[in-house]
Amino acid sequence: MTNELTLRRPDDWHLHLRDGDMLAAVLPETTRHFARAIIMPNLVPPVVTGAQAAAYRDRITAAMPNGADFTPLMTLYLTEDTDAEDVAKAHASGLITAVKLYPAGATTNSASGVSNFDNVRPVLEKMAEIGLPLCLHGEVTDPEIDIFDREAVFIDRVLDPIRKSTPGLRTVMEHITTKDGVDYAKSQDNLGATITTHHLVINRNHILVGGIKPHYYCLPVAKRELHREALVEAATSGGARFFLGTDSAPHTDKLKENACGCAGCFTATNTMSILAEVFEKQGALEKLEAFTSLNGPAFYGLPANENTITLSKGEPVTYPDKITVGDETVTVFDPGFPLHWRVAD
């Protein structure tokens with residue numbers, strides 16, 4: 001029986017840090033264990049230009065805990081007015097690592113996203129030319145499409161046509177939630193797929209059975225158990241197309257616990273402990289390093305981290321239930337089972 005596991009320091013390939021007081025409160029929860037993270041650009045207003053990305057990076061750096069060894073990997077928010085040359089310049093300078101595509105209205109702060117995908121074709125073609133990855137929130141927003149079907153429909157209606165019309169475009173399907181997403185990722189070249197911590201743990205029953213659980217509500221919404229099982233199989237397989245993107249998304253409890261609560265699960269604090277439990281249950285602890293530390297850098301053309309972290313198994317770990325943000329709180333994701341794995345100090 002394995003009671004200790006050392007792996008290269010992990011990276012998070014999908015992270016929300018927000019800004020201001022929230023940024024200062026949640027950033028230490030990521031820098032404690034992670035070396036790098038792809039930073040989401042859906043602020044208000046969104047990060048749409050190279051200059052805005054540079055300014056946001058500076059605010060993140062300024063909020064860094066003393067002694068933290070962490071690199072924010074910046075992204076731009078794709079709009080129908082995005083300047084392809086500005087994108088290329090930001091990429092050439094090393095400022096940005098990817099561009100994020102939100103279908104308009106798909107999730108938090110996505111109102112400035114894309115409605116007519118033909119209007120962003122010149123930017124996508126430039127990205128294919130320079131090798132800059134496109135990260136996608138993979139859901140259609142048509143009101144007639146059931147919310148549980150929106151990822152599968154997105155693959156057919158949007159993602160596959162984009163990839164066929166833009167050969168060579170490196171694409172990341174972010175936070176996949178369905179067997180459809182897993183199967184599509186396995187069938188493609190130049191494509192990666194991130195999987196969140198919480199989608200490996202919860203299905204839609206966790207949100208709705210016995211009362212509405214707002215802290216399990218996220219977008220894309222958790223699906224049936226058969227889809228969760230497909231995600232677990234993909235993550236624990238060691239397959240190079242699949243890597244960790246927590247989509248850790250902090251909202252204050254006031255915004256989560258109301259008649260129209262925000263979507264998002266805050267998992268930065270306890271992700272590595274949760275993942276170790278999931279992988280151990282599958283008999284796949286030896287594949288955890290590939291999922292958290294190797295596959296993502298390989299896809300993005302970056303070196304794996306040289307330093308390491310060590311997880312040890314023992315008595316249940318106690319994490320804080322909440323993170324304080326000014327006068328408010330953010331609830332830490334509760335996986336619903338004891339966590340016996342901890343990251344050594």
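Biologist: Where is the place of arginine 18?
Modeller: This is a predicted model, in which local features need pLDDT of at least 70, side-chain atom pairs count only at pLDDT 80 or more, and totals for chains, interfaces and linings use all residues. Residues are numbered from 1 along each chain as its sequence is written, and side-chain values use heavy atoms, with hydrogens and water left out. Helices (DSSP runs of H or I, at least four residues) and strands (runs of E, at least two) are numbered from the N terminus. Arginine 18 sits in the loop between β2 (12–15) and α1 (20–31).

Biologist: Which value of phi does arginine 18 take?
Modeller: Most residues other than glycine have a negative phi. Arginine 18 is not a glycine, yet its phi is positive, near 60 degrees.

Biologist: And is arginine 18 buried or exposed?
Modeller: Buried means under 20% relative accessible area, exposed over 50%, and partly exposed in between (1.4 Å probe, protein chains only). Arginine 18 has 13% relative accessibility, so this residue counts as buried.

Biologist: What about histidine 175: which relative accessible area does this residue have?
Modeller: Histidine 175 is found in the loop between β7 and α6 (179–186). Its phi is positive too, near 40 degrees. Histidine 175 is buried, because its relative accessible area is 2%.

Biologist: Which residues does glutamate 174 touch, beyond those up to four places away in sequence?
Modeller: Glutamate 174 lies in strand β7 (residues 171–174) and counts as buried because its relative accessibility is 3%. Taking contact as heavy atoms within 4.5 Å, the residues that glutamate 174 touches are Trp13, His14, Met40, Lys100, Cys135, Leu136 and Thr194.

Biologist: How far from arginine 150 is the nearest side chain of opposite charge?
Modeller: Arginine 150 is found in helix α5 (residues 150–165). For charge, Lys and Arg count as positive and Asp and Glu as negative, while His and the chain ends are not counted. Arginine 150 is buried but has no salt bridge, a term for a side-chain nitrogen of Lys or Arg within 4 Å of a carboxyl oxygen of Asp or Glu. The nearest side chain of opposite charge belongs to glutamate 139, at 6.1 Å.

Biologist: Which elements cover the buried residues of α4?
Modeller: In helix α4 (residues 121–130), the buried residues are Val123, Leu124, Lys126, Met127 and Ala128. Just after α4, glycine 131 takes a positive phi of about 80 degrees. The cover over those buried residues includes α3 (84–92), β5 (96–101), β6 (134–137) and α5.

Biologist: Where is proline 220, and what is omega for the peptide bond from leucine 219 to proline 220?
Modeller: Most peptide bonds are trans. Proline 220 has its place in the loop between α7 (204–208) and α8 (225–236). The bond from leucine 219 to proline 220 is cis, with omega near -5 degrees.

Biologist: Which residue does a cis peptide bond join to valine 44?
Modeller: The residue in question is found in the loop between β3 (36–39) and α2 (50–62). Omega here is about -5 degrees, and the partner of valine 44 is proline 45.

Biologist: Which radius of gyration does the chain have?
Modeller: The chain has 11 helices and 13 strands, and buried residues make up 57% of its 345 residues. The radius is taken over C-alpha atoms, and the globule rule is 2.2 Å times the number of residues to the power 0.38. For 345 residues, a compact globule would be near 20 Å, which agrees with the chain's 19 Å.
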